[in-house]
Amino acid sequence: MSVRHALLALLTEGPKFGFRLREEFEQRTGDVWPLNVGQVYTTLQRLERDGLVESASEEGDSPQKDYAITDEGLREVHEWLRTPPAAIPPRDDLVIKVLVAVGMPGVDLPEVLQSHRRRLVELMQTYTRLKEDTPDDVRVALVVDAEIFRLDALIRWVDSAHARVNAMPPAAVSEPATGKATTGTVAVER
Amino acid sequence: MIPGVELKGVSKTYGEGATEVHALHGVDLRVMPGELVAVMGASGSGKSTLLTIAGTLEDPTSGTVTVAGTDVAGLSRNDRARLRRQAIGYVFQDFNLLAGLSVVENVSLPLELDGVSLSKARTVSLEALERMGVADHASRFPDQLSGGERQRVAVARAVVGKRDLLLADEPTGALDSVNGESVMRMLRAACQDGVAGVVVTHDAQLASWAHRVVFIRDGLIVDQTRPQATAETLLAQEDSA
């Protein structure tokens, strides 16, 4: 998440103080990205250094400076809005854990998968609760939906991993040496 | 408090000998009034069998089913039908509304079958439709409504009168995510008014509206969610510039 570009976007509405920028940033992101005011001023100083904003006040380093966006800043923010986010490399922590588990003797893989499935559904419940508690806040819903869809993708991946493990040839599958009994339990050994 | 539904050691076997299929193995599940429980599992996991047994539409091979304090096994056919009409509301994926009846007639039908007067049944049904936000469509017919509106009517029908148990099988399956969400919001709200609810689904997003998610695999309950952290603790992480 680029605080730098989000602050720049807020300045397209007109010059603003740092404190007000912080308030508006938190409001616009559904209060889910807390910012400290120091972070806002550091970012503004860097934006000024790069020629993307200018301070309207003549009073030196007073924190009550009004910041305004420059033409260069305006070009930058419009370009940023349309720039796709950086691609995420396929190194998801969960995928790595399950890949490691597939190669380990004595690991009850369905039980490992179920523990992740449960945790992901619990997280999703927490986010859904947030949406339930704020039915009219479209910004909260947008932020929460993004997280819920991400969790949903992981849960679907866990489900499909489970189905793939169940469909593995019997030679690669045997009863676990130890571990809690769950129906359909298989262990994968190499 | 009496559970809305309680399954104890419920097993279900279809067929015999070589064709025998064990759909459920010793399932224990108790749902209290005010609680919505999601039963989550893949196709063939036994979740729909669990719902039809909880709804007294099918008998278990062994184990007991109690709905609002009544042991279902001891009931005559008529008493069981009455229990279904009075205590249990069903919501299905394909809505199951009667095409020849108007929206309000669909909702009031179970009350009328129970001998509630026509005018009283209509008043109570309109209140239920109002709660679901579809009272404006009361005199329309099901085929004049969108999928989302039809499902809201189906939820109104399921909660009308004083029900103890609300059962839903993939109730948002045919809906887009925003309409599906509003149906789940209503199911959850209905349960919070004091009904015990069970929804079966393979969909985590739908299940996440439940207070508790129970995981079923190969006819056995293998796990369930625990009480969650508050959203604030998840979100209160500062971001850097």
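Author: Strand 3 of chain B runs parallel to strand 8 of chain B, and five bridges join the two. In strand 8 of chain B, V199(B) is the bridge partner of A38(B). Two strands pair if DSSP finds at least two bridges between them. Helices (H or I, at least four residues) and strands (E, at least two) are DSSP runs, numbered from the N terminus.

Reader: Where do these coordinates and labels come from?

Author: This is a predicted model, in which local features need pLDDT of at least 70, side-chain atom pairs count only at pLDDT 80 or more, and totals for chains, interfaces and linings use all residues. Residues are numbered from 1 along each chain as its sequence is written, while chains are lettered from A and ligands numbered from 1 in the order in which they are written.

Reader: How many bridges join strand 3 to strand 9 of chain B?

Author: Four bridges join strand 3 (residues 36-40) to strand 9 (residues 212-217) of chain B, and these two strands run parallel. A38(B) has V213(B) as its bridge partner in strand 9 of chain B.

Reader: What is the strand order of the six-stranded sheet in chain B?

Author: The order is 6-7-8-3-9-10, in an open sheet with mixed pairing. Strand 6 (88-91) and strand 10 (220-224) of chain B are the edge strands, each pairing on one side only. From one strand to the next, the twist averages 20°.

Reader: Is strand 3 of chain B buried or exposed?

Author: Five of the five residues of strand 3 of chain B are buried, so the strand is largely enclosed by the rest of the structure. Both of its faces are covered, with L36(B), A38(B) and M40(B) on one side and V37(B) and V39(B) on the other. A residue is buried if 20 or more other C-beta atoms lie within 10 Å of its own, exposed if 12 or fewer, and partly exposed in between, with C-beta atoms placed from the backbone.

Reader: Which strands does helix 1 of chain B lie across?

Author: Helix 1 (residues 47-54) of chain B lies across strand 3, strand 7 (165-169), strand 8 (196-201) and strand 9 of chain B, and runs at about 155° to strand 8. Axes are lines fitted to C-alpha atoms, for helices over the stretch in contact, and angles run from 0 to 180 degrees between N-to-C directions.

Reader: What about the four-stranded sheet of chain B?

Author: That sheet is open and antiparallel, with the order 2-1-4-5. Strand 2 (21-31) and strand 5 (70-71) of chain B stand at its edges with a single partner strand each, so one side of each has no neighbour in the sheet. Two bridges pair strand 4 (residues 62-67) with strand 5 of chain B in the antiparallel sense, and V67(B) has T70(B) as its bridge partner in strand 5. Helix 1 of chain B packs on this sheet too, touching strand 1 (5-14), strand 2 and strand 4, and its direction makes about 120° with that of strand 1. Two residues are in contact if their C-beta atoms, placed from the backbone, lie within 7 Å.

Reader: Which residues have a positive phi although they are not glycine?

Author: T56(B) has a positive phi of about 60°, and E170(B) has one of about 45°. T56(B) sits in the loop between helix 1 and strand 4 of chain B and counts as buried, with 22 C-beta neighbours inside 10 Å. E170(B) lies in the loop between strand 7 and helix 6 (177-192) of chain B and counts as partly exposed, with 19 such neighbours.

Reader: Turning to chain A, how do helix 1 and helix 4 cross?

Author: The axes of helix 1 (residues 3-11) and helix 4 (residues 71-82) of chain A come within 9 Å and cross at roughly 120°. The contact involves H5(A), L8(A) and A9(A) of helix 1 and G73(A), E76(A), V77(A) and W80(A) of helix 4 of chain A.

Reader: Lastly, what does I155(A) touch?

Author: Not counting residues up to four places away in sequence, I155(A) touches R117(A), L120(A), V121(A) and A204(B). I155(A) is in helix 7 (residues 138-166) of chain A and is buried, with 23 other C-beta atoms within 10 Å.
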